[in-house]
Amino acid sequence: MRVIAWLVEGTWPACVDAVRAHTPRSAEVVLLHVSGPDVPGVAHGAFAGLLGRGHPERDPGDRLEALGGSSAAELLDAAVARLGRPCARDERSGRVEREVVAAAEGADLLVLARDGDRSRLGPRSLGPAVRFAVDHAPCPVLLVWPEPAPGLATIPAPPHHP
């Protein structure tokens, strides 16, 4: 059994705990972190367009990329320690939702956490990237709450039809 656990800042412990609770110890586990290109790309563009003509060594986008890489490594280190069993690490960069779906190809299970409005039950508890991954994953998906799930009373009322 090959399991991909998509780890995101703030919700990753729930994914690691779900892998520990719901997969056999013999499973091949891959801890996945994807860095989007947005912030470094914006910094590169702003610097090149406004400030950086003739001084590429001062580009703040390079520093942001390095910081993002070290942050991802620290998150993966913490996840490996929390998992407490052998696993592989997969660090990717690109369109987050598409990288997650690509990483899940050939997997037996994709584990991910809700990333939207987690104060109530319902479809808004999924943000765009998680919704894309759930809708396009080429394998079964285990979707977890990063904290205890809200009560049933938080389900929106059905629409009123006169």
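Mentor: Contact here means heavy atoms within 4.5 Å. The model is predicted.

Trainee: In which order do helices and strands follow along the sequence of the protein?

Mentor: The protein has five helices and five strands.

Trainee: Which elements are included in what covers the buried residues of α5?

Mentor: Helix α5 spans residues 128-136, and its buried residues are Ala129, Val130, Phe132 and Ala133. They cover an arc of only 160° around the axis, so they sit on the same side of α5. The cover over these buried residues includes β1 (2-6), α4 (96-103), β4 (109-113) and β5 (141-144).

Trainee: Does His33 count as buried or exposed?

Mentor: His33 is part of strand β2, residues 28-35. Buried means under 20% relative accessible area. His33 has 4% relative accessibility, and therefore counts as buried.

Trainee: Which side chain does a polar contact of 2.9 Å join to that of His33?

Mentor: Leaving out residues up to four places away in sequence, His33 touches Leu7, Glu9, Ala72, Leu75, Leu76, Asp90, Glu91 and Arg92. The polar contact of 2.9 Å runs between the side chain of His33 and that of Glu9.

Technical notes
Residues numbered from 1 in each chain as written. Predicted model: local features only at pLDDT ≥ 70, side-chain atom pairs only at ≥ 80, totals over all residues. Heavy atoms only, no water. Buried < 20%, exposed > 50% of the residue type's maximum accessible area, 1.4 Å probe, protein only. Helix = DSSP H or I, 4+ residues; strand = E, 2+ residues; numbered from the N terminus. Arc of directions from axis to C-beta. Polar contact = N/O pair within 3.5 Å; in protein donor to acceptor, adjacent residues only side chain to side chain.
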